[in-house]
Amino acid sequence: MSFDESTLHDRSGPEARAALAAEARLPTTRWDEEVNRGLELGLPGADSIVDRRIPTFSRGELPHFAGINTFLKAPYVEDVGLAGEYDVAVFGAPFDGGTTYRPGTRFGPQGIRRISALYGPYSFELGVDLRESITMCDLGDIFTIPANIEKTFDQITKGVSHVFASGAFPVVLGGDHSIGFPTTRGVAEHLDGKLGIIHFDRHVDTQETDLDERMHTTPWFHATNLANVPAENLVQVGIGGWQAPRPGVATGRERRTTIMTVTDCVNMGIEAAAERALEVAWHGAEAVWLSFDVDCLDAAFVPGTGWPEPGGFLPREVLKFIQLIAERPLAGIEVVECSPPYDNADITSLIATRVICDTLGCLVRAGHLPKNGALS
Ligand SMILES: [Mn+2]
């Protein structure tokens, strides 16, 4: 796409100027296809509608308040055997049986999908239009077993394993953080080499059991017991406050996980902190999994979570961090601990959506998505 940057004036900020130039280079091919598909499937609009691209029945992105809420209005794919036909497969792991205080994350996937309707596929600063760059589907949810953690873990591992093996990039909508063990187990079983984990959280989540079971405080104890998921490749970002159980801290010390508090990250600078996190997670690893607990943000930004903790990150800090991490490839991402029943004005679900969108956008920008080349 040709565009003469000299036609841009220089009164905008440098990021905005780059964004304006980037947008001019983005195609509208897939958008045009979506419009035509809407007219074909949803009937051309009534005679009084001036914009003849508007169908009678809403199909696709517009209007944002209409339609069936899959993630970013991606097509719902009922046949999971087709996951591999998409670059990205989004699915829910609606389970809060591992929760030790506030429940409700079984509604996390629904909450995230609902508010994701607010977003289009284009990011101004990133200069990326997901619709024009990748194909994405929503596979619906894993069939979790509310009263049985272990059976649920097996279901989640089987589901993640299936999606990862299909070649689609897995995006898992949690669910409480207990799912971090079965998700990484589902990826690790396909690797010959090591799986690193970048873990955003206020809590270490490294104790063996909690309340006599493997709860949402325990995923990394069990994940790092897997032969190819060493604790040395687990980097834990944003840890701190009054909710870190001492048994988990002892485990982290013994197993030599890498812990970075909010102050550590802010003092060294987000760029340096992200570089350190990447070094640790990627050290001799074949792939890296991103596990994002929304409670790594200050409690003010995430009221809808299981264990809110003041003193966490600002949204712009974690978003910057995520953007830097996604300059390297990822095996997949999970966003956990979003509990819509405790949320206010959907802001926790909105953060969860944003983290996923920024991750995907940066993977596209860095050339890691689509994995199999350009859109066909
Ligand atoms: Mn947490």
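In this predicted model, the buried residues of helix α8 pack against α7 (219-223) and β8 (258-261). Helix α8 itself covers residues 246-255, and its buried residues are Gly 248, Thr 251 and Gly 252. Viewed down the axis of α8, these buried residues fall within an arc of 100°, so they line one face of the helix. The face of α8 turned away from that buried side carries exposed residues, namely Arg 246, Arg 253 and Glu 254.

| Helix | Residue after the helix | Phi |
|---|---|---|
| α2 | Leu 43 | positive, about 70° |
| α8 | Arg 256 | positive, near 65° |

At the level of the whole protein chain, the domain assignment gives domain 1 (1-60) and domain 2 (71-365), and the C-alpha centres of domain 1 and domain 2 lie 32 Å apart. The contact between them takes 11 residues from domain 1 and seven residues from domain 2. On the side of domain 1 that touches domain 2, the elements giving two or more residues are α1 (14-25) and α2, with the largest share, five residues, coming from α1. The residues of this side of domain 1 divide into six nonpolar, two polar and three charged.

Notes: Residues numbered from 1 in each chain as written. Predicted model: local features only at pLDDT ≥ 70, side-chain atom pairs only at ≥ 80, totals over all residues. Helix = DSSP H or I, 4+ residues; strand = E, 2+ residues; numbered from the N terminus. Buried ≥ 20, exposed ≤ 12 C-beta atoms within 10 Å, placed from the backbone. Arc of directions from axis to C-beta. Contact = placed C-beta atoms within 7 Å. Domains from an automatic or database assignment. Nonpolar A, V, L, I, M, F, W, Y, C, P; charged D, E, K, R; others polar.
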